[in-house]
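Visitor: I have the sequence and the model open. Could you walk me through how to read it?
Guide: Gladly; let us take it feature by feature.

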Amino acid sequence: MARALHADEIPIDADLVRGLVRRALPEHADAPIRRLASSGSTNALFRLGEDLLVRLPRQPGGSATISKEATWLPVLRPLLPVSVPDVVAVFEPDRGYPERWSVVRWIGGTHPEVVDPDTPVDPRREDLAVDLAKVVRALGRAEVPTRAVNSPDLKWYRGEPLATMDQATRENIEHCRSLADFEVDLDAAERIWAEAMELPGVADRTTARWFHGDLAAENLLVRDGALAAVLDFGGLSVGDPTVDLVVAWEVLDPPARERFRRQLGVDDATWLRGRAWALSITLMIWYYWTTMPERRARCMAVGRNVLTDAGHSV
């Protein structure tokens, strides 16, 4: 059993997955099952044989995101320039496991490198910037059907105006102050956030558009430096897509970051709101501080990138 990340974590191990697969997919009953070391905070991930991946929500209520992916990925897949998960099937709760779970086709690749202010500039990241911009642009241009606009399953806080995050972000700053080894200057972070709350459009609602919601290194795959796939559409929603800019401060060095911005053609205020989203999400890491050391390291890198980009020393 992997270490629990949440107080209401559902116990999930390889024996449970083997039992679920044996009943739901008897033709794969003898295939090897191994838990991925890179399982995220939302789903436990198990590779099934060579070609499949089993995804099981870690918390009660996770069935909603499993169903969402199965409903909307077939709609969006033809519109996106890279691979996305191909849902083979969704299965009902069974063998004491209380949520719906899915099997998707395995996509090969590696996660892109997370940069920090000291990472040497690599011109190849500009190609990655172009690839990422194509994904963000394709999502933004995709038609949003009325049933998607009205679906409560496609509403998420990350699609709300940035100002709605003000109280939570300030509270998270205080949570982070209690961590003795926090590596980001929280006074500088607080100043950057306060400045962001004065940006044009910070409280405005925009025309609802599709956004991924969690474009992060752990949800991206590259091959030979090129973006090959975008994973985990559990956060897929409609609303303000500015939050999808945050990837620029995680996997892109400054020249590539500027290339990403130019490709998307976003104005100054939107770009700075995207940077503020990156900071706000970084400051949530206190919740996983001891349980997800790899995510902690990535968030600290993002925080340092944001501070450096805003002209603060780190």
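Visitor: How many disulfides does the structure hold?
Guide: A disulfide is a covalent bond between the sulfur atoms of two cysteines. Here a pair counts if the cysteine sulfur atoms are within 2.5 Å, and the structure holds zero disulfides. Before we go on, a word on the source: this is a predicted model, where local features need pLDDT of at least 70, side-chain atom pairs count only at pLDDT 80 or more, and totals for chains, interfaces and linings use all residues. Residues are numbered from 1 along each chain as its sequence is written, and side-chain values use heavy atoms, with hydrogens and water left out.

Visitor: Which cysteine sulfur is nearest to that of Cys176?
Guide: That of Cys299, 9.4 Å away.

Visitor: Is Cys176 buried or exposed?
Guide: Buried means under 20% relative accessible area, exposed over 50%, and partly exposed in between (1.4 Å probe, protein chains only). Cys176 counts as buried because its relative accessibility is 0%. Cys299 is buried too, with a relative accessible area of 13%.

Visitor: What is the order of the strands in the open sheet?
Guide: Strands (E, at least two residues) and helices (H or I, at least four) are DSSP runs, numbered from the N terminus. Two strands pair if DSSP finds at least two bridges between them. In this sheet five strands follow the order 1-2-3-5-4, with antiparallel pairing. Strand 1 (33–35) and strand 4 (87–91) are the edges, each pairing on one side only.

Visitor: How many bridges join strand 4 to strand 5?
Guide: Four, and the two strands run antiparallel. Phe91 stands opposite Trp101 in strand 5.

Visitor: Which residues is Ser102 in contact with, leaving aside neighbours within four places in sequence?
Guide: Contact means heavy atoms within 4.5 Å. Ser102, in strand 5 (residues 101–105), is in contact with Leu53, Val54, Arg55, Ile66, Ala89 and Val90. Ser102 counts as buried because its relative accessibility is 1%.

Visitor: How many residues has the largest nonpolar core?
Guide: In soluble globular proteins, nonpolar side chains tend to be buried together. A nonpolar core is a set of buried Ala, Val, Leu, Ile, Met, Phe, Trp, Tyr and Cys residues joined through side-chain atoms within 4.5 Å. The largest has 78 residues, and Leu132 and Phe182 are among those with the most contacts inside it. Helix 3 (residues 124–141) gives this core its largest share, eight residues. Apart from it lies another core of 19 residues, including Ile12 and Trp101.
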